[in-house]
Amino acid sequence: MKLNRREALALGAGALFISLTPFRGALASLTEDEIKAFTGGAAVVEDDIVTLTAPEIAENGNTVPIGISVDSPMTADNYVKRVRILAEGNPRPAVATMYFSPLSGSAEASTRMRLATTQNIIAVAELSDGTYHMAKAEVKVTIGGCGG
Amino acid sequence: MAKSKPRVKAPKKAAVGEIVTIKTLISHKMESGLRKGKDGNLIPRSIINRFTAEFNGQLVFAVDIDPAISANPFLEFTMKATESGEFTFTWVDDDGSVYTKKSKMTVG
């Protein structure tokens with residue numbers, strides 16, 4: 001059987017996809033478990049309420065600056081309770097849980113985190129009305145940040 | 001390890017209703033517990049696992065920290081200034097140490 005260049009490339013890409021699939025699946029389900037543990041199984045809406053700020057490309061995965069901002073009036077009866085930050089591609093997806101209060105004035109915070117590899121970062125916010133909202137951001141990592 | 005040193009940048013004065021930004025940083029290696037040392041054994045986890053910010057005894061902001069937060073954990077957050085008082089920032093280490101720092105703010 002002779003392959004031309006195009007077919008060979010397609011085969012290669014296919015094989016790569018298959019070999020990566022179970023790996024990605026396992027990591028993604030870890031993240032899903034974390035989200036479920038956070039929400040208690042409640043539905044999560046992916047919408048504009050939550051904004052996740054992260055660099056498109058992080059040269060050093062050891063300190064990647066990230067910011068979260070949730071659109072909320074932050075009054076005593078309508079505020080953001082908690083925000084869970086997860087990193088899909090880390091050996092352990094948990095990054096941090098931030099707790100806000102009406103005293104916060106705005107649901108904005110930033111920190112620096114470690115990223116093992118190029119991946120999606122997820123922020124899930126719990127509002128005081130019991131709804132959950134989510135945002136995702138992809139960060140490309142040049143040098144992973146989990147030591148070795 | 002060297003003793004962790006907390007640093008805080010919080011305003012000393014604010015107008016009523018103003019939303020102020022507070023920045024905090026504490027020196028800490030944040031050992032994840034997943035890295036291996038030269039002898040091939042895992043280096044035990046040692047991180048700051050919780051941070052809280054209170055103002056006049058009321059909780060403003062808190063974080064449960066996992067090992068994925070970078071060394072020398074930096075946190076920036078906001079507070080709505082309503083009255084004069086004092087911030088109390090607290091960091092809790094895995095080894096049981098608690099680091100605190102206070103900062104006064106005059107509102108009005």
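Predicted model: local features only at pLDDT ≥ 70, side-chain atom pairs only at ≥ 80, totals over all residues.
Trainee: How many residues of chain B are in contact with chain A, and how much area do the two chains bury between them?

Mentor: On the side of chain A, 29 residues take part in the contact. Carbon and sulfur atoms account for 50% of the area buried between chain A and chain B. The contacting residues of chain B number 30, and the buried area is about 2,300 Å².

Trainee: Which residues of chain A lose the most area to chain B?

Mentor: Three residues stand out on that side, and together they make up 30% of what chain A buries. They are A:Y99, A:L103 and A:R114.

Trainee: Which element gives the largest share of the side of chain A that touches chain B?

Mentor: Across the interface there are 21 residue pairs in polar contact, with both residues at pLDDT 80 or more. Two elements of chain A, β6 (94-100) and β7 (107-113), each give two or more residues to the side that touches chain B. By class, that side has twelve nonpolar, twelve polar and five charged residues. The largest share of it, seven residues, comes from β6(A).

Trainee: In which sense, parallel or antiparallel, do β6(A) and strand β5 of chain B pair?

Mentor: Strand β5 of chain B covers residues 58-65, and its pairing with β6(A) runs over five bridges. Within this arrangement A:T97 stands opposite B:D64 in β5(B). The sense of the pairing is antiparallel.

Trainee: Why is the pair of A:F38 and A:Y132 classed as it is?

Mentor: Over all chains, the count comes to eight aromatic pairs by this rule. The ring centres of A:F38 and A:Y132 lie 6.0 Å apart and their planes stand at 75°, so the pair is edge-to-face. Because A:F38 lies in helix α1 (residues 5-39) and A:Y132 in strand β9 (residues 132-143) of chain A, the pair ties together parts that are 94 residues apart in sequence. The class asked for is edge-to-face.

Trainee: What pattern does chain B follow along the sequence?

Mentor: The secondary structure of chain B comes to zero helices and eight strands, and its C-alpha trace spans about 60 × 20 × 20 Å along its principal axes. Read along the sequence, the pattern is β-β-β-β-β-β-β-β.

Key: Residues numbered from 1 in each chain as written. Chains lettered and ligands numbered in written order. Heavy atoms only, no water. Contact = heavy atoms within 4.5 Å. Buried area = accessible area lost by both parts, 1.4 Å probe. Polar contact = N/O pair within 3.5 Å; in protein donor to acceptor, adjacent residues only side chain to side chain. Helix = DSSP H or I, 4+ residues; strand = E, 2+ residues; numbered from the N terminus. Nonpolar A, V, L, I, M, F, W, Y, C, P; charged D, E, K, R; others polar. Pairing = 2+ DSSP bridges. Phe/Tyr/Trp six-rings, centres within 6.5 Å; stacked < 30°, edge-to-face > 60°.
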